[in-house]
Amino acid sequence: NWLNGQTDQFEAIQKFRFAVPPQSTVPDIAVVKCDRLPQDNGPLNGSPDWLIEICSPGQSTLDLQAKILHCLRHETQLAWLIDFERQQVWVWAGAELPEIFVGEDALPMLEGFPVLTVAQVMAMTGRS
């Protein structure tokens with residue numbers, strides 16, 4: 001909800017299906033330019049502009065990273081992997097290697113979004 005309140009250029013959607021051949025991907029949160037959204041309720045063809053995955057206790061980070069890497073190879077610009085247990089966010093931006101952000105580190109955002117820190121992300125979810 002916070003993301004949707006920041007810009008009218010993008011829409012943040014939970015559990016929205018993307019057709020990224022040969023897979024069909026359903027990230028925890030996908031942020032997509034509004035002009036790319038399908039008019040019907042079908043899946044979006046292509047990757048989200050920004051992909052956010054949340055690591056649940058006991059969930060394999062390798063599976064989440066595989067999903068992220070697949071989308072990055074298919075035009076996703078930014079990806080976050082939020083790890084509440086370690087209070088950190090792994091960030092992939094384009095073809096760059098991932099960086100790990102903690103505490104008051106400012107997280108990379110897509111254009112049009114204000115600065116957000118790891119601590120703010122953790123506080124928004126009540127998991128700080």
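How many bridges join E4 to strand E6 (residues 50–55), and in which sense do the two run? I looked this up before anything else.

**Ground rules.** I am working on a predicted model, where local features need pLDDT of at least 70, side-chain atom pairs count only at pLDDT 80 or more, and totals for chains, interfaces and linings use all residues. I number residues from 1 along each chain as its sequence is written, and side-chain values use heavy atoms, with hydrogens and water left out.

**Entry 1, strand E4.** I count three bridges between E4 and E6, which run antiparallel. Here I take two strands as paired if DSSP finds at least two bridges between them. Helices (H or I, at least four residues) and strands (E, at least two) are DSSP runs, numbered from the N terminus. Within E6, Leu-51 stands opposite Ala-30. I then turned to strand E1 (residues 10–14), which pairs with E4 over five bridges in the antiparallel sense. Val-31 in E4 is the bridge partner of Ala-12, and Ile-29 is that of Gln-14. I find four of the five residues of E4 (residues 29–33) buried; buried means under 20% relative accessible area, exposed over 50%, partly exposed in between (1.4 Å probe, protein chains only).

**Entry 2, the sheet.** I traced an open sheet of six strands in the order E1-E4-E6-E7-E8-E9, with mixed pairing. E1 and strand E9 (99–102) are at the edges with a single partner strand each, so one side of each has no neighbour in the sheet. From one strand to the next, the twist averages 20°. Angles run from 0 to 180 degrees between N-to-C directions, and axes are lines fitted to C-alpha atoms, for helices over the stretch in contact. Helix H1 (residues 61–72) packs on the sheet and touches E6, strand E7 (78–83) and strand E8 (88–93). The direction of H1 makes about 180° with that of E6. Contact means heavy atoms within 4.5 Å.

Which residues of helix H2 (residues 118–125) are buried? I list Val-118, Val-121 and Met-122. They cover an arc of only 95° around the axis, which puts them on the same side of H2; the arc is that of the directions from the helix axis to the C-beta atoms. As a reminder to myself, an α-helix has 3.6 residues a turn, so residues three or four places apart point the same way. The cover over the buried residues of H2 includes E7, E8 and E9.

I checked Lys-15, in the loop between E1 and strand E2 (18–20). Its phi is near 50°, a positive value in a residue other than glycine. Lys-15 counts as exposed at 55% relative accessibility. Gln-87, in the loop between E7 and E8, also is not a glycine and has a positive phi of about 55°. Gln-87 is partly exposed, with a relative accessible area of 29%. Thr-117, in the loop between E9 and H2, counts as buried at 10% relative accessibility. Leaving aside neighbours within four places in sequence, I find Thr-117 in contact with Gly-103, Glu-104, Asp-105, Ala-106 and Leu-107.

I note two helices and nine strands. From the N terminus on, the elements run β-β-β-β-β-β-α-β-β-β-α. Buried residues make up 41% of the 128 residues. The C-alpha atoms fill a box of roughly 40 × 30 × 25 Å, taken along the principal axes.
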